[in-house]
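The sequence and structure come first.

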Protein chains: 2
Amino acid sequence: MTDQNIKIAVDAIVFGYEKGMLYVLAVQQRFGKLADRWVLPGGFILNDEPLLMAVERELKEEAGITVNYLEQLGTFGDDVNRDERFRVISVAYFALVNPKNFVLKADTDAKDAKWFPVTGIPQLGYDHNEMVNLAHQRLKSKLTYQPIGFDLLDQEFLFSDLENLYCSILERDIDRRNFRKKILSFGIVTETDKVVKIGASGRPGKLFTFDKEKYNQLLKENFQFDIRFA
Amino acid sequence: MTDQNIKIAVDAIVFGYEKGMLYVLAVQQRFGKLADRWVLPGGFILNDEPLLMAVERELKEEAGITVNYLEQLGTFGDDVNRDERFRVISVAYFALVNPKNFVLKADTDAKDAKWFPVTGIPQLGYDHNEMVNLAHQRLKSKLTYQPIGFDLLDQEFLFSDLENLYCSILERDIDRRNFRKKILSFGIVTETDKVVKIGASGRPGKLFTFDKEKYNQLLKENFQFDIRFA
DNA sequence: TAACTTTGTGTTGTTTTAACACAAATTAGA
DNA sequence: TCTAATTTGTGTTAAAACAACACAAAGTTA
């Protein structure tokens, strides 16, 4: 069975959130059969390179970013005719980043890198749209049982930012008071003493931070983050 | 990047349940560096073979079984020195089967195939113990939010069978009355009119079946299976 | 026939969730 | 500078879900 003619790639579905909108990062291919087509950032792994490292490298190379959260999503390999020369199997990774932290810059293989709103993703090369859909579902469900929303926000945020993030990603209304009560009851979000006004008008609000250490500590005591409410 | 020297394999973590005990299927290698060592069933995929098919083929070949449930678990590939000739990346699959339905028979590459209790799994080759641990966690958590326990039981089962399955896999006590109430409230478990006594003594019980069609129908109506209770 | 085993069944107090409104701090504009 | 508009901040209550709990019925074994 060593006559296998298959190559392994990694691809990343990177989500970014800004002003109530959820975005996915795509890059425009410079070379190859799909030159000029938009695809997910990614590429072939090196012989002695761990998978996670390969993703991080590609994200750095193709878009100039370092993500806040990264986990394996799944492996896609049944698109046998993706490339003429050999079959390609791709390990897809799910990633979260705060777009404000970076200026996208396409470096090596990529001609351009761009944020697309999840609601308006163009037809991507390969089976990348399928990957995006799966990742999007993963984001939605994970938001309810793991505190990953914070990886999309600034380190210091208004409570309304967090609330809007949940509303817009989960696409439903949330009772502001119940939401606040629930989140605060976990004890993993800390109120700072900074008060700011960000929007055009309205009462200034306090800034909050996510206390990751507290969360990790609670995890050991069998704490279960869970936001499923009206 | 086409000088990649990496081969792709699939491996399966197959769980079986019988009389209150949870088992994992392992096979004994006949050839190669790890001859005689126990490993998970699996092997290299063929050039034009979808991943899922490869797993099913290997399970058939190496142990003579067809599983009830099969899903991708994750891809393991950082054990760069698993094989001297090339790096191997393995896509692990999570599977459930009712051991009663099959007689294990090692066919081609495997010298033997055997059920090991999860509590007493020997040291397996490669990074297979790590895969088993991850799969075991997946089983435990999935049991609470997806009705997969039925794939481990006979088609017709006593309520106490289901209850014992949950108790033993989740390793905790369950209130028999609350459990029954909750499960029945979903409406996905149907009472048959058959009454049997199976154990040595005691009052005979009714047999139940899992109504998969009803479940699929409920899924469309946003039903959420969920068993998390005392 | 008495002791043992397993199935089957309801009620109640406690906890969690859902629904709901108004005052305080600020800006914008008349 | 006053009024309208905007955003933050805060408690209560009714309804639903959950947890805890015991005893009778149907069979087997000794």
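V189(B) stands opposite F210(B) in β10(B). The pairing of β9(B) with β10 (residues 205-210) of chain B is antiparallel and covers five bridges; two strands count as paired if DSSP finds at least two bridges between them. Strands of a sheet pair through backbone hydrogen bonds, either parallel or antiparallel. Strands (E, at least two residues) and helices (H or I, at least four) are DSSP runs, numbered from the N terminus.

The open sheet has three strands in the order β8-β10-β9 (chain B), paired antiparallel. Because β8 (156-158) and β9 (189-196) of chain B are at the edges with a single partner strand each, one side of each has no neighbour in the sheet. From one strand to the next, the twist averages 40 degrees.

## The helix across the sheet

Helix α3 (residues 159-170) of chain B lies across β8, β9 and β10 of chain B, at about 75 degrees to β8(B). Contact means heavy atoms within 4.5 Å. Axes are lines fitted to C-alpha atoms, for helices over the stretch in contact, and angles between N-to-C directions run from 0 to 180 degrees.

## Positive phi in chain A

K19(A), not a glycine, has a positive phi of about 45 degrees. K19(A) sits in the loop between β1 (6-18) and β2 (21-29) of chain A and is exposed, at 78% relative accessible area. Exposed means over 50%, buried under 20%, and partly exposed in between (1.4 Å probe, protein chains only).

E171(A), also not a glycine, has a positive phi of about 55 degrees. The loop between α3 (159-170) and α4 (176-186) of chain A holds E171(A), which is exposed at 59% relative accessibility.

## Basis

This is a predicted model: local features need pLDDT of at least 70, side-chain atom pairs count only at pLDDT 80 or more, and totals for chains, interfaces and linings use all residues. Residues are numbered from 1 along each chain as its sequence is written, chains are lettered from A and ligands numbered from 1 in the order written, and side-chain values use heavy atoms, leaving out hydrogens and water.
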